Amino acid sequence: MSYRKALDTRCALLVMVLLWSTAGRAVEPVSSATASDALGFIVQYRSTPVGPPTANSMKLFAGSLADRSGTKLRATRDIGPGLQALDLVPDDASRSPADLLRSLQGDPRIDFIVPDERRQAQAAPNDPLFINQWYLQSAQPAAVDALGAWDITTGDTDVVVAVLDTGIRYDHPDLGRVSNGGRVLPGYDFVSGESNGTFLVANDNNGRDADASDPGDWLTTADKSEPIFANCTTSNSSWHGTRVAGMIAAITNNSSGIAGGTWGSPLLPVRVLGKCGGRDSDILAGMRWAAGLPVPGVPDNPNPAKILNLSLGSTGSCSAAYAQLLSELNVRGVLVVVSAGNEGGEVSAPANCPGVVAVAGLRHTGTKVGFSNLGSAITLGAPGGNCVNGGGQACLYSLDTTSNTGTTTPAADFLTDQFKPNVGTSFAAPIVASIAALMASTNRNLGTVQLRNRLREGATPFAAASGGLPLCVTPNQDSTPQISECVCTTDVCGAGMANALGAVRAAQRPVAAIAAPLTTAAGQDVRLDASGSGAACGRNISGYTWEVVSAPTPA
């Protein structure tokens, strides 16, 4: 395709609009046929000076429209004043609904005519605990409307999501191994031992190996006598990786437990955290392996991930080691989603690194939940969980997910406990990771930049301040932690509230790839080639249009 211009081509900005068509994937409305050979339409007839047409006159009009369009009238159904459904059988079976619609439009007796489409019930899962997963629904302002997105895609098995965390409980009935019909792939344990030959942090009596199961990360008062744990907090085992994994991709529509954000993506467990956390060296190695990059001494990953979820971090700036690796991952099209942190202050590392999707935590109303970090590094917000009731009652806006009831070592009981709520940006991040997996399932051509930008594009705007709540401020304006609820703005909470439906719709657009000459001169013909552009899954690019949107004024 050539584009002729008499001005310096270096100064003009062109925008290409791609037009696409569907093929092979059921993402468009179902055919409007109401019988095997009939096509349905809804027509609104124009009113006359004495009022809407009568039932008898609509029948006459319907017969006339059928004759005019070369069809036979199968049936009519009156809907309202002047509004009627028509079932028409084309004389030529090869005529499409679009062909027939064009032949009917423009009749002076009608206001409009549209296909009589067939709709289905939304893709709601049958998991019994889904009723409590408010964050995947749409009744609350901050909820992400996964139901709407699932009508387009529920995710595909070739989009792998890696969970870099404490490991996972493969025996959880709502997770399970892929080899046994579950969701979890064989992963890897990157928690290395101490230099003196002990494995206190790993807590599994060995270093790096192919066992990514979570042995527990409990910490006792006795543990604190070890120098490596001196500044750590005593606690029961968190089963953190299992909880994060379930939010992303618990087995869904299996009449058991909860629903995952994506029904199709397999989970790749990468153990990088043990007792009292983990070291950057192990986390960086785990990130490389998860994305399909080589790690010395470790077998290559046979299932490279498209999405990496890191629900981890600590205070400080983004190190050069993280920045360098993230640059490599961006080139490979791997998206890294990171939790912002829970101190009410500046965004933690590595969520403050360039190129990641940094996720802040929101209350159900869309305001910043008190504990969430905030600032200009945030990409967008997602539900972080919050308890608006007390007095010993169950947490009303907990983020229900898979877990384990063992206080130290794992127990056989996996029930979700409403009295031990799941809250934190650690659980906001996997919500966004699951949305990114749905997007990648919709359009394989989306790279890191496109996924990040379209997550932002699909977000729901934050609500305006009301009720006397203060606006959130950037941490560099006020070093005091903002541990109370505040009203989000795009300066501190990202582009808006994560929205699965909006993000998946944005993902459906094609990706423009334009090849242009390296050098040009005024007056030359410039050939722009867009043949490398890519459409979403099940769609084809059917044409290109070009438009000059800015150019210098001729001298």
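Asn253 is partly exposed, with a relative accessible area of 38%, where buried denotes under 20% relative accessible area, exposed over 50% and partly exposed in between (1.4 Å probe, protein chains only). The structure is a predicted model, in which local features need pLDDT of at least 70 and side-chain atom pairs count only at pLDDT 80 or more, while totals for chains, interfaces and linings use all residues. Residues are numbered from 1 along each chain as its sequence is written, and side-chain values use heavy atoms, with hydrogens and water left out.

Asn253 lies in the loop between H4 and E9; helices (H or I, at least four residues) and strands (E, at least two) are DSSP runs numbered from the N terminus. Although Asn253 is not a glycine, its phi is positive, at about 65°. The loop between H4 and E9 also holds Ser255, another non-glycine residue with a positive phi, of about 60°. A cis peptide bond, with omega of about 10°, joins Ala349 and Pro350. Pro350 belongs to the loop between strand E11 (335-339) and E12. Most residues other than glycine have a negative phi, and most peptide bonds are trans.

Helix H4 is largely enclosed by the rest of the structure, because ten of its ten residues are buried. The buried residues of H4 include His240, Arg243, Met247 and Ile248. Strand E7 (161-165), strand E9 (267-271), strand E10 (307-310) and H7 are the elements against which the buried residues of H4 pack, contact being defined as heavy atoms within 4.5 Å.

Asn206 is located in the loop between strand E8 (188-189) and H4. With a relative accessibility of 28%, Asn206 counts as partly exposed. When residues up to four places away in sequence are not counted, Asn206 touches Asp189, Val191 and Phe199. Val191 is 15 residues from Asn206 in sequence, and the C-alpha to C-alpha distance between them is 8.8 Å. The side chain of Asn206 is also joined to that of Asp209 by a polar contact of 3.3 Å. A polar contact is a pair of N or O atoms within 3.5 Å; within protein, one must be able to donate a hydrogen and the other to accept it, and residues adjacent in sequence count only if both atoms are side-chain atoms.

A salt bridge is taken as a side-chain nitrogen of Lys or Arg within 4 Å of a carboxyl oxygen of Asp or Glu. By this rule the model contains 16 salt bridges. One of them is formed by the side chains of Lys72 and Asp91, at 3.1 Å from N to O. Lys72 lies in strand E4 (residues 71-80) and Asp91 in the loop between strand E5 (83-90) and helix H2 (97-104), so the pair ties together parts that are 19 residues apart in sequence. Both Lys72 and Asp91 are exposed.

The side chains of Arg288 and Glu328 likewise meet in a salt bridge, with an N to O distance of 3.5 Å. This pair links distant parts of the chain, 40 residues apart, with Arg288 in helix H5 and Glu328 in helix H6 (residues 320-331). Arg288 counts as partly exposed, at 23% relative accessibility, and Glu328 is partly exposed, with a relative accessible area of 30%. A further salt bridge joins the side chains of Arg363 and Glu485 (3.4 Å, N to O). Here the linked parts are 122 residues apart: Arg363 is in the loop between strand E12 (357-362) and strand E13 (380-383), and Glu485 in the loop between helix H8 (448-457) and helix H9 (500-507). Arg363 counts as buried at 17% relative accessibility, whereas Glu485, at 24%, counts as partly exposed. Arg68, Asp107 and Arg109 are linked in a network of salt bridges.

The largest pocket has a volume of about 900 Å³. Of the 36 residues that line the largest pocket, Leu273, Cys276, Gly277, Leu312 and Gly313 are the closest to its centre. On a 1 Å grid over the protein atoms alone, a pocket is an open set of points where a 1.4 Å probe fits, with protein on both sides within 12 Å along at least five of seven lines; lining residues have an atom within 4 Å of a point. Grid points are joined across faces, edges and corners, and a volume is the space filled by probe spheres set on the points. At least two residues of the lining are supplied by each of helix H4 (240-249), helix H5 (280-290) and helix H7 (425-442). The lining residues divide into ten nonpolar, 20 polar and six charged, where Ala, Val, Leu, Ile, Met, Phe, Trp, Tyr, Cys and Pro count as nonpolar, Asp, Glu, Lys and Arg as charged, and the others, Gly among them, as polar.
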